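Please open the structure in the viewer and keep the selection panel at hand.

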Amino acid sequence: MQKQLPIINDGDSIVPYKKAMEANMKKFGKILVAVLMLATLVGACFAFTACNNDGAKDTLIVATNCEFEPFEYLDDNGNPVGIDMDIAAAIANELGLKLQIKDMAFDSVVGSVASGACDIAIAGLTVTEERKQSVNFTQTYFSSSQVVIAKNGDAILDVTVSDPENEDEVAAAIAQIESMLNGKRVGVQNGTTGYSYVSGDSDDYEGVAGATAVGFPSGALAVQAMLNGNVDYVIIDMVPASKLAAANQGVSVSEVVLTGEDYAFGIAKNNSDLLNKVNAALDKLIKNGTIEQIFQKYGYSSGLGE
């Protein structure tokens, strides 16, 4: 015997349960469609928060890592400050854009720009062949080098160069330092050219024979690890190295420069329009002295125009 469907009161009429369920499912479907449309609309609103009413971008989103004083770091109130952050503000002003800073791990900076999550990488970023595969670089604005930080009294600090212009003498000093790094644990910041210099994990550097690169989120943590005896040395960019040495008693920076590097800003390969605009803004800021004034504000010189 076929089972009788239950009867349900549906307002003005009496209908079988099956028909009631079908009616309810139709209502649910309409509600679901409405919810999905609303979610899509909300998502679109968030996606265009960096755009004005005409659909054009009104915000320059900067990817950086605030662990690289004096180029980018957090002040006492947790705000991103530094040489690069001031340059970013000057560029945004030239372009007539608002500025948004996204602080992230350094080894995520280039990828965030390549993926389109951010517009520009401004993070004491060295131009390398490996990074050129992911982003295009603007003109350079500063020259730097990797240097060794060691505990005071360490023999590696005794290696000197009397004539920095003598390439043979410099090469001999670098070879001597690298031989002293053999068998040592070297603290480096993750994703940096210092890491690649020690490990040889990119085509830009061969690596230091016998040395082990130990990665840290920041140079400050690497120096602390050295003071605690967990690594033997730290290798990082020259200017941040000087700040780290000044902030930590008992350490000094070797005067021998291990590399020659140029800093620039990274922009997504499919964004040639922004690349051209930033280059034009940089050119103006260099020529009118703004970039040099920013460097001098933090006690350094850009070296531009020398």
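Begin by selecting I122 together with V62, A63, T64, E72, D84, M85, A88 and F265, which are its contacts once neighbours within four places in sequence are left aside; contact means heavy atoms within 4.5 Å. The model is a predicted one, in which local features need pLDDT of at least 70 and side-chain atom pairs count only at pLDDT 80 or more, while totals for chains, interfaces and linings use all residues. Residues are numbered from 1 along each chain as its sequence is written, and side-chain values use heavy atoms, with hydrogens and water left out.

I122 itself belongs to the loop between strand 8 (120–121) and helix 4 (129–132). Helices (H or I, at least four residues) and strands (E, at least two) are DSSP runs, numbered from the N terminus. Is I122 buried or exposed? Its relative accessibility is 0%, so I122 counts as buried; buried means under 20% relative accessible area, exposed over 50%, and partly exposed in between (1.4 Å probe, protein chains only).

**The whole chain**

Zoom out to display the chain, which has 10 helices and 17 strands. Of its 306 residues, 40% count as buried. Among contacts between residues at least 6 apart in sequence, 70% join residues at least 24 apart.

**Helix 5 and A173**

Next, select helix 5 (residues 167–181) and locate A173 within it. A173 has a relative accessibility of 4% and therefore counts as buried. Not counting residues up to four places away in sequence, A173 touches V159, T160, V161 and V256. A distance drawn between the C-alpha atoms of A173 and V159 gives 6.5 Å, although 14 residues separate the two along the chain.

**V257**

Move to V257, in the loop between strand 15 and strand 16 (261–263). At 32% relative accessibility, V257 counts as partly exposed. Beyond four places in sequence, its contacts are S145, Q146, V147, V170, I174 and M238. Of these, Q146 lies 111 residues from V257 along the chain, yet their C-alpha atoms are 6.0 Å apart.

**Helix 7**

Select helix 7 (residues 219–227) and colour its buried residues: G219, A222, V223, A225 and M226. They lie on the same side of helix 7, because they cover an arc of only 155 degrees around the axis, the arc being that of the directions from the helix axis to the C-beta atoms. Display what covers these residues, including strand 11 (146–151), strand 12 (185–189), strand 13 (212–216), strand 14 (233–237), helix 8 (238–247) and strand 15 (251–253). After helix 7 comes G229, which has a positive phi, near 85 degrees.

**Helix 2 against helix 9**

Finally, select helix 2 (residues 83–95) and helix 9 (residues 272–287), whose axes come within 9 Å and cross at roughly 110 degrees. Axes are lines fitted to C-alpha atoms, for helices over the stretch in contact, and angles run from 0 to 180 degrees between N-to-C directions. Helix 2 and helix 9 are therefore roughly perpendicular to each other (65 to 115 degrees). Show the side chains that make the contact: A90, I91, E94 and L95 of helix 2, and L274, K277, V278, A281, L282, K284 and L285 of helix 9.

How values were computed: Angles under 35 degrees count as roughly parallel, over 145 as roughly antiparallel, 65 to 115 as roughly perpendicular and the rest as oblique.
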